[in-house]
Amino acid sequence: MPEENGDGKSKTGVLEKAKDSAAALRETLTEKAKQQATELKEPEKTQLYRSIFRVKHDEEPRNRALSVLSNVFFHLHPAKVNRDATKYNFTWGMGGITFYLFIVLTFTGVLLMFYYHPSKIQAFRDILYLENDVPFGKLLRNMHRWAAHLMIIAVWLHMFRVFMTGSYKRPREFNWCVGVLLMVLTMLLSFTGYLLPDDQLGFWAVTVGTNMARATPLLGNEGPGGPQMGMTPYNDVRFALLGGSIVDANALLRAYIWHCIAIPLIVAIFLGVHFWRVRKDGGISGPAPVMLESEIKEERSPRPVILRPSGMG
Amino acid sequence: MPFDWRQIWEVASAPDNVPIVALLFLAPFYMWYALRQGIANDKLIAILESDAQAAKTKYRKTQEWDPKWEREVHTWPYLMRMEFLVAILVTVLLMAWSLTLNAPLEEPANPNVTMNPAKAPWYFLGLQEMLVYFDPWIAGVVMPTLIIVGLMVIPYIDSNPLGNGYYTYKQRRFSIWTFLVGFIGLWVLMIVIGTFIRGPGWMWFWPGQTWDAERVDYAVNRNLDQVFGIDGSWLAPIFHTTKDQAAIWARAIFGIFPLVIFFIVAAILVHWVCTRTEFSKKIYKRMSLLQLVTMYTFLILMLSLPIKILLRLVFTIKYIWVTPWFSI
């Protein structure tokens, strides 16, 4: 920059200008800082907050609806529900409790997987290690175990409630079937987990359970028609379940994969269908106004197909 | 023998049996809870049916109602606050349970040391108990399949349009009784028997009896053909076979009769129950042939279970139909 070097006057001018602007900046900066600090008292107006939540959380009906509809987790729900359905006495909350326990089990299950090797040499030692040396390991295992038992009870009571309120009736027939399959999958999840500690309890429970598979008609080596189909202990359905003719290392690995990966994935898919259909079949079934015997309509044949608009349900 | 409280405590306090002990209270509680609301609705229905004017104007729910209220409320916060609250309560319950009771851990798995009794997990004990009454291919494979399929056909064979979305007893007597017999009587009760009654060797121990692994039960079970003294050896010369062969065939053919009789009697019984009241007849007429056949088949098969239990436990009969390939 040879030109500037030759002009000393403009050099001092630049210096003064810089000083002036620095003083001005100091003043505006403190003012801005003060202003922005006061603005922080209302965090819901910040760009950060708005980018996450997008709607105001006040008691405006529109915003109450939007806070449900614009949230990926909450939008399983409709914006509004039957006022009587929010009480405990109709649903007993059993479906929700089941789902919550599924989440608890996924969470504790993933943590347990960090400490577990599905091999005959290490599985049992891993449980001992977990119980005695891992911080909160015992609590973790206990929670997983009891949540599993609780989930089965909750599933049964959920089914019981749905039956007693007649909620499986038209148009919810198909969703009842999905629910039955989910119940079976829940019990299979629990059963496959039973073997994993590789102790006497799990070993004999699974032995008793899979021995029944021997007797499968046509597909088991001791079932009716099994030998005629060429079934032996080394190629029948029990062999497929255990990955061998006895409950051993392969059975442990298979139980592990069914328990931790395959069945949870299948359950997650069916859960999605189950929840989706609750909405598409018109939301929760009641408490509905009672119907009288005199109001039964004649069955039309063939039955009309019920098409419902998608959305608010 | 003195009443063995310790034995009862030992079974009831086993950590893995806690869910069944809980179910002993939860199942009756929720049964009562559902029926109570059903009876309340039935009273309302009775009022509406006797008074045509009320049927047009009265609010048709037992829940509180004010015309000023809106029929629907916002999910947030009215439903979701309940959900979060329940989630917290379940978490607290689970924490308390996990802090006070340890998950069981036995000795390392050892195929050479048999556990006695070797029991399936508690939720499968109903099926294990059925092993006493049926061969494994029925108890372990056919029965579970029938239960699952039977549950799934319920919505398609129940053609009673009443009681959709509210608790009621009077409008759905038959379906509610069927479900209670199935769920409480044949599922929960069998689990309770499998847990509390069945001891070593899967022998029957009444509450208070000590689980004595040395006890010997003399098996006096007989097959139905033995009770009737079926002996087909005299057929041998007619069919040119050995006496043993003829006896096997005679047994196999004999067994068909009690089964056919059971199916006919059960079908008549089921039909009688299904058409007992005027209302039942009305529902019956709405059903298609396929629905009727499916419903009767499943009800008859369901009925076969208590019949077989009765035959086995009271009359010590093992098989009804013995064939060279399978026995029922």
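How many salt bridges does the structure hold over all chains? The structure holds 14 salt bridges over all chains, a salt bridge being a side-chain nitrogen of Lys or Arg within 4 Å of a carboxyl oxygen of Asp or Glu.

This is a predicted model, in which local features need pLDDT of at least 70 and side-chain atom pairs count only at pLDDT 80 or more, while totals for chains, interfaces and linings use all residues. Residues are numbered from 1 along each chain as its sequence is written, chains are lettered from A and ligands numbered from 1 in the order in which they are written, and side-chain values use heavy atoms, with hydrogens and water left out.

## Salt bridges

Side chains of opposite charge can pair when their charged atoms come close.

Helices (H or I, at least four residues) and strands (E, at least two) are DSSP runs, numbered from the N terminus. K80(A) is partly exposed, with a relative accessible area of 31%. Here buried means under 20% relative accessible area, exposed means over 50%, and partly exposed lies in between (1.4 Å probe, protein chains only).

D198(A) is buried at 6% relative accessible area, whereas K120(A) is partly exposed at 29%.

R251(B) lies in helix 11 (residues 243–274) of chain B and D225(B) in helix 9 of chain B, so the pair ties together parts that are 26 residues apart in sequence. R251(B) is partly exposed, at 30% relative accessible area, while D225(B) is buried, at 3%. Helix 9 of chain B spans residues 224–227. Not counting residues up to four places away in sequence, D225(B) touches I230(B), R251(B), F254(B) and V322(B), where contact means heavy atoms within 4.5 Å.

## Nonpolar core and surface patch

In soluble globular proteins, nonpolar side chains tend to be buried together. The largest nonpolar core has 103 residues, and those with the most contacts inside it are L101(A), W156(A), W176(A), L94(B), W122(B), Y123(B) and F179(B). Helix 8 (residues 137–164) of chain A gives the most to this core, with 17 residues. Such a core is a set of buried Ala, Val, Leu, Ile, Met, Phe, Trp, Tyr and Cys residues joined through side-chain atoms within 4.5 Å. Neighbours within four places in sequence aside, the contacts of W156(A) include M183(A) and M187(A), and also L23(B), W122(B), Y123(B), F183(B), W187(B) and I191(B).

On the surface, L253(A), I257(A), W258(A), I261(A), L265(A) and I266(A) form a nonpolar patch with about 530 Å² of accessible area together. Patches are made of residues with over 30% relative accessible area and no salt bridge; like charges are joined within 9 Å, and nonpolar side chains (Val, Leu, Ile, Met, Phe, Trp, Tyr) within 5 Å. Accessible areas come from the Shrake-Rupley method with a 1.4 Å probe, and for residues only the protein chains shown count as cover. I266(A) is part of helix 12 (residues 249–280) of chain A and is partly exposed at 32% relative accessibility.

## Loop contacts and backbone geometry

A85(A) is located in the loop between strand 1 (80–82) and helix 5 (88–91) of chain A and is buried, at 7% relative accessibility. A85(A) and G286(A) are 201 residues apart in sequence, yet their C-alpha atoms are 6.4 Å apart in space. With residues up to four places away in sequence not counted, A85(A) touches I284(A), G286(A), P287(A) and L79(B).

Cis peptide bonds join W76(B) to P77(B), with omega about 10°, and N116(B) to P117(B), with omega about 0°. P77(B) is in helix 4 (residues 75–78) of chain B, whereas P117(B) is in the loop between helix 5 (80–100) and helix 6 (125–130) of chain B.

F136(A) has a positive phi of about 60° although it is not a glycine; F136(A) is in the loop between helix 7 and helix 8 of chain A and is exposed at 70% relative accessibility. D198(A), likewise not a glycine, has a positive phi of about 60°.
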